[in-house]
Amino acid sequence: MPQIGYGSLTEEVEFGEDVSIGNYSLVRNAKIGHRSKIWHFCNLYGCFIGGCTQIGSYTQIKQGAVIGDYCKLQDGISIPEETRIGNHVFIGPKAAFAND
C-alpha cells in the first residue's frame, strides 16, 4: 500500500509496492514503480516513474515522460513532454531541459 501525504491523486494512478508520495503533490494518470519516493509539492502528469527512483520537491514531470529505474532527480526540475531518462541517472537541482 502506498504512503500518501496530503496530495491529490486521480484514480488512473498505478503504484508499485512501498511507494511514498509527499504532501501537496499532484499526481494524474501516472505509473510509479516499486519503492519510489515522490517528495513534497511535485506535479506528475501522465508519466512513468521507474522503480527505486526519487523525485525531489518542486519537480514537475509532463505527459509522456519516462524516468528509468534507480534514478535520483533533485529539487526544482521540470521534465518536458515525451522526455526519456534512462536507468541509474542523477539530475542535479534546478536542471533545465529544452523542448525544441
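This report describes surface, core and cysteine features of a predicted model.

## Surface patch

Four aromatic residues, Y6, Y24, F41 and Y58, make up a nonpolar patch on the surface. Together they present about 530 Å² of accessible area. Within this group, Y6 is placed in the loop that links β1 (3-4) to β2 (8-9). The relative accessible area of Y6 is 64%, so the residue is classed as exposed.

## Surroundings of Q63

Q63 occupies the loop between β11 (60-61) and β12 (66-67). Its relative accessibility is 46%, and Q63 therefore counts as partly exposed. Beyond its neighbours within four places in sequence, Q63 contacts Y45, G46, E81 and E82.

F90 lies 27 residues from Q63 along the chain, and the C-alpha atoms of the two are separated by 21 Å.

## Nonpolar core

The largest nonpolar core contains 21 residues. Those touching the most other members are I32, L44, I49, I61 and L73. When neighbours within four places in sequence are set aside, L73 is in contact with Q54, I55, G56, I67, I79 and I91.

## Cysteines

The count of disulfides is zero, the criterion being a pair of cysteine sulfur atoms within 2.5 Å. For C47, the closest cysteine sulfur belongs to C42 and is 10 Å away, which is too far for a bond. For C71, the closest cysteine sulfur is that of C52, at 11 Å, and again too far for a bond.

C47 is buried, with a relative accessible area of 4%. C71 is also buried, with a value of 2%.

Note on methods. Residues numbered from 1 in each chain as written. Predicted model: local features only at pLDDT ≥ 70, side-chain atom pairs only at ≥ 80, totals over all residues. Heavy atoms only, no water. Patch = residues over 30% accessible without salt bridge, like charges linked within 9 Å, V, L, I, M, F, W, Y side chains within 5 Å. Areas by Shrake-Rupley, 256 points an atom, 1.4 Å probe, with all protein chains shown as cover. Salt bridge = Lys/Arg side-chain N within 4 Å of Asp/Glu carboxyl O. Helix = DSSP H or I, 4+ residues; strand = E, 2+ residues; numbered from the N terminus. Buried < 20%, exposed > 50% of the residue type's maximum accessible area, 1.4 Å probe, protein only. Contact = heavy atoms within 4.5 Å. Core = buried A, V, L, I, M, F, W, Y, C linked by side-chain atoms within 4.5 Å.
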